[in-house]
Structure formats: C-alpha cells, structure tokens
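These notebook entries record what I looked up in one structure.

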Amino acid sequence: MKMAILNTPVGLAEIKGDENGISEIKIIEKQKELSSNIPEVLLPAILQLNEYFEGKRKKFNLKLNPSGTNFQKKVWKALQEIPYGKTLSYLELSKQLGDIKAIRAVASANGKNPLWIVIPCHRVIGSDGSLTGYAGGVQRKKWLLEHENPPVQQSLF
C-alpha cells in the first residue's frame, strides 16, 4: 500500500492506494511531513484533489478500491451521484436507495466513507438543512459546501 500526504485548504490529507485503486483519503489531525516523492499510483488522486481545491474539477475520475460491506458500497456509490454544488438529506438518500427505514444505516455508512471528497459525503445534510455530523468536522463540511457553491455577490446598483 502506497501513501502520500497532501496539504489542502482544510488540513492535511492522507491518501492511500495501490495498483487496485485509491482505498483511503482522510483528513489527519496530527502534523506529518508533506510527501515530496508521490508514488505513481497516487499521482492522479493528488492531481485531481488539487484541481478540486483550485475550483477546476467538479467530478473525480479515479480508480477506487474502498473497503466496506456491500451495503456501505451501495451507499457510497449513491453518494457519488450527488452533483457538485448540490446537497441531499439522509432521508432523501434513504428513499433513493429504496428503504426509507434504513436512514440510520445510511447515515452510518455515510460516516464510514473512506474516500473524503471523492465520495462526497459532505453533500449529505439533515432534513431541516442543518449541517449534521461530519467525520472531518462540521467546519470542514461548511467550507466544502461553500467551496462548491459560493455565495453570489449581490449588486448594489
């Protein structure tokens, strides 16, 4: 398994993967040295994450290899269908997956997403529009949502 550390506007990201795909992208809280030698298998992820943060990328095109249950993978696949700049509630996501009663299981799978930003779990919000829990912290979730959908400057004239 190869690993690299990337500096992002919201903290350090640890990226792991191999020839089978990217298996993990997560925010790390402890200080680690940035990667100077990026393993070749991780270069596309580094490039695309940088493009995302620069506002040049809205959709990722990476070979993914997350580890999880079949249900979790089903939820993560549905998360990838939420368009850039849009949000969906846990209830709406449960309905899309065909079982409104599975809302807690859907929320749990969302919280266990191993591929930060690439599988956009930050786009899932509470039914009342609240920024509910987020593994990377609610402030990061708010930043990501604002990055994807910046407020429009109103004209004074």
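**Entry 1: Ile117.** I looked up Ile117 and found it buried, with a relative accessible area of 1%. I use buried for under 20% relative accessible area, exposed for over 50% and partly exposed for values in between, with a 1.4 Å probe and protein chains only. Ile117 is placed in the loop between helix H4 (103-111) and strand S5 (124-125). Helices (H or I, at least four residues) and strands (E, at least two) are DSSP runs, numbered from the N terminus. I also noted that Ile117 has a positive phi of about 70°, although it is not a glycine.

**Entry 2: basis of the values.** The model is predicted, so I note that local features need pLDDT of at least 70 and side-chain atom pairs count only at pLDDT 80 or more, while totals for chains, interfaces and linings use all residues. Residues are numbered from 1 along each chain as its sequence is written, and side-chain values use heavy atoms, with hydrogens and water left out.

**Entry 3: Cys121.** In the loop between H4 and S5 I next looked up Cys121. UniProt, in an unreviewed entry, places the feature "active site" at Cys121. UniProt positions are given in the numbering used here, feature names are shortened, and annotations may be inferred rather than shown by experiment. Is Cys121 buried or exposed? I found Cys121 buried, at a relative accessible area of 9%. Not counting residues up to four places away in sequence, Cys121 touches Leu79, Asn110, Asn113 and Tyr134. Contact means heavy atoms within 4.5 Å.

**Entry 4: the nonpolar core.** A nonpolar core is a set of buried Ala, Val, Leu, Ile, Met, Phe, Trp, Tyr and Cys residues joined through side-chain atoms within 4.5 Å. The largest such core has 38 residues, and those with the most contacts inside it are Ile15, Leu79, Leu93 and Trp116. At least two residues of this core come from each of strand S1 (2-8), S2, strand S3 (21-28), helix H1 (43-53), helix H2 (70-79), H3 and H4. The largest share, five residues, comes from H1. In soluble globular proteins, nonpolar side chains tend to be buried together.

**Entry 5: helix H1.** I listed the buried residues of H1 as Ala45, Ile46, Gln48, Leu49, Glu51, Tyr52 and Phe53. These buried residues pack against S1, S2, S3 and helix H5 (138-148). Just after H1, Gly55 takes a positive phi of about 80°.

**Entry 6: aromatic pairs.** I searched the whole structure and recorded five aromatic pairs. Rings of Phe, Tyr and Trp (its six-membered ring) pair if their centres lie within 6.5 Å; planes under 30 degrees apart count as stacked, over 60 as edge-to-face and the rest as tilted. Tyr52 and Phe60 form a tilted pair, 5.8 Å centre to centre with 35° between the planes. Both Tyr52 and Phe60 are buried. Phe53 and Trp116 form another tilted pair, at 6.1 Å centre to centre and 40° between the planes. Phe53 lies in helix H1 and Trp116 in the loop between H4 and S5, so this pair ties together parts that are 63 residues apart in sequence. Both Phe53 and Trp116 are buried. Ring pairs link Tyr52, Phe53, Phe60, Tyr84, Trp116 and Trp143 into a cluster. Leaving aside neighbours within four places in sequence, Trp116 has contacts that include Val10, Ile25, Phe53 and Tyr134.

**Entry 7: strands S2 and S3.** How do S2 and S3 run, and how many bridges join them? They run antiparallel and are joined by seven bridges. Two strands pair if DSSP finds at least two bridges between them. S2 and S3 form a hairpin with two residues between them. The bridge partner of Ile15 in S3 is Ile25. I found S3 mostly covered, with six of its eight residues buried.

**Entry 8: Glu14.** Glu14 is placed in strand S2 (residues 11-18). Glu14 is buried, with a relative accessible area of 4%. Its side chain makes a polar contact with the side chain of Lys32 (2.9 Å). A polar contact is a pair of N or O atoms within 3.5 Å; within protein, one must be able to donate a hydrogen and the other to accept it, and residues adjacent in sequence count only if both atoms are side-chain atoms.

**Entry 9: Lys95.** Lys95 is placed in helix H3 (residues 90-96) and counts as exposed, at 51% relative accessibility.
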